[in-house]
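Please examine the structure shown below. The paragraphs that follow lead from one part of the fold to the next.

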Amino acid sequence: MLLPINWLEKFVDINTDVKTLSDKITDSGSHVDEIIVRNRDIEGVVTGKIIEINPHPDADKLVVCKVDVGDDILQIVTGAPNVVEGVVVPVAKVGAILPGDKKIGEADMRGVISAGMLCSPAELGFNISVIPREFRDGIWLLGKDTEVGVDINKALNLDSEVLDVEITPNRPDCLSIYGMARETSASLKTPMKERESNNFSEDGDIKDYLYGVSIDTPYCERYIAKVIDNVDIKPSPQWMKNDLMAAGIRPINNIVDITNYVMLEYGLPLHAFDLDALEGSKIRVYQPSSEIEFETLDGKKRKILPDDIMIGDASGPIGIAGVMGGLDSEITSKTKRIVIEAAFFEKSHIRKTSKRLNLRSEASSRFEKGLDIALPEIAINRVCELAYDIRVGDVIGGIYDVIKGKVKSEVVNLRPSRAT
């Protein structure tokens with residue numbers, strides 16, 4: 001698990017250096033394999049705003065950009081196909097150093113002087129697995145909330161280390177930022193930070209959008225559904241992208257990013273369905289009566305057996321519970337209304353389904369280890385809070401919370417004098 005220190009600090013006070021923190025976490029049972037220093041190979045790169053683009057006088061595939069880097073206006077020639085006026089991009093100024101010891105100098109580009117270079121994520125050292133697809137072959141267009149003239153290490157949180165932590169199978173609670181924050185709090189003897197909860201407003205009634213949720217299998221003990229209307233699918237804020245990429249997750253869009261963000265924060269996988277794609281506007285958790293074929297989000301058709309737990313609407317399946325959603329109800333650029341799912345599934349069934357289908361996901365890797373039945377409520381409220389904060393859409397009032405199991409707090413008796 002990749003544990004960004006700056007994200008961890010949102011939950012707990014860290015009163016020591018990263019090496020000591022690493023040793024303390026290792027002593028607690030979660031071995032730190034590596035301290036990743038992300039800004040080691042980058043110097044002289046800042047954020048800049050493209051204020052003007054003109055054709056190159058002697059090259060059809062090149063353009064000449066004027067870029068505001070805060071303290072200067074630079075002329076930079078690029079062949080990137082995705083540059084547009086008004087966007088903020090990473091700018092390697094003359095004298096900058098990029099990963100691989102690449103040094104940037106002034107260049108003559110077919111008779112036009114280029115005083116620097118506009119950078120892609122790959123040129124800044126990002127692994128292709130976390131680079132947003134739209135920027136794999138072009139310049140990195142940073143979020144509109146990005147300040148101009150800022151060192152790129154600060155703008156992308158590259159000056160904060162990331163711990164690569166090995167989590168043992170018996171500690172699923174540590175597969176989250178919050179879980180590791182509790183370990184850190186105990187290890188460093190520093191307090192957890194109190195955070196406001198349920199800080200969002202609601203309008204309307206969920207029953208006008210979603211007509212019911214039923215659980216028809218003994219292997220789902222809790223299922224929560226929440227609706228968000230007037231959804232505006234767009235890129236997430238840069239701070240959210242930064243956190244996700246540091247944790248090894250590729251940003252996709254604001255809805256998918258929020259569900260991934262909360263999964264990383266609290267350890268509970270969530271899923272978003274396009275409400276308008278749900279037949280009958282109902283959700284059912286069940287097991288099929290016979291073998292069926294189902295197409296998952298990755299575009300592959302898979303054989304589903306009666307032992308598998310499925311999420312369905314009035315006409316059929318829309319997702320493999322705890323493993324992967326279906327292609328027909330995925331979030332697209334046209335999505336306007338969504339249902340957010342937070343659930344508690346029996347771990348052995350998720351493990352068997354995932355293994356048989358050879359389909360291991362971030363969701364299945366968490367569900368199969370066992371989670372807390374109280375987590376769905378915490379996670380769904382956090383999703384709504386983030387959706388409200390970054391203006392994703394309108395959180396609809398009301399909730400479906402179907403419980404088949406028992407939600408209770410376990411009491412552990414401990415004599416501090418016997419603890420070592």
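Axes here are lines fitted to C-alpha atoms, for helices over the stretch in contact, and angles run from 0 to 180 degrees between N-to-C directions. Helices (H or I, at least four residues) and strands (E, at least two) are DSSP runs, numbered from the N terminus. Contact means heavy atoms within 4.5 Å.

The model is predicted: local features need pLDDT of at least 70, side-chain atom pairs count only at pLDDT 80 or more, and totals for chains, interfaces and linings use all residues. Residues are numbered from 1 along each chain as its sequence is written, and side-chain values use heavy atoms, with hydrogens and water left out.

Two strands are said to pair if DSSP finds at least two bridges between them. Five bridges connect β2 with strand β11 (residues 162-166) in the antiparallel sense, and Glu-34 has Asp-164 in β11 as its bridge partner.

**A helix crossing**

Helix α2 (residues 18-27) also meets helix α4 (residues 177-188): their axes come within 9 Å and cross at roughly 100°. The two helices are therefore roughly perpendicular to each other, a term that covers angles of 65 to 115 degrees, whereas angles under 35 count as roughly parallel, over 145 as roughly antiparallel and the rest as oblique. Leu-21, Lys-24 and Ile-25 of α2 make the contact with Met-180, Thr-184, Ser-187 and Leu-188 of α4. These residues divide into four nonpolar, two polar and one charged; Ala, Val, Leu, Ile, Met, Phe, Trp, Tyr, Cys and Pro count as nonpolar, Asp, Glu, Lys and Arg as charged, and the others, Gly among them, as polar.

**A five-stranded sheet**

Another open sheet has five strands in the order β12-β15-β18-β19-β20, with mixed pairing. Its edges are β12 (213-215) and β20 (324-325), each with a single partner strand, so one side of each is left without a neighbour in the sheet. Strands β15 (residues 283-286) and β18 (residues 310-312) run antiparallel and are joined by three bridges. Tyr-286 stands opposite Met-310 in β18.

**Two individual residues**

Thr-353 lies in helix α7 (residues 347-357). Is this residue buried or exposed? At 5% relative accessibility, Thr-353 counts as buried, where buried means under 20% relative accessible area, exposed over 50% and partly exposed in between (1.4 Å probe, protein chains only). Apart from its neighbours within four places in sequence, Thr-353 is in contact with Asp-308, Ile-320 and Val-323.

Ala-374 is placed in the loop between α8 (362-367) and α9 (375-389), and its 25% relative accessibility makes it partly exposed. Neighbours within four places in sequence aside, Ala-374 is in contact with Arg-222 and Val-407.

**The chain as a whole**

The chain contains nine helices and 23 strands. Of its 420 residues, 52% count as buried. Among contacts between residues at least 6 apart in sequence, 73% join residues at least 24 apart.
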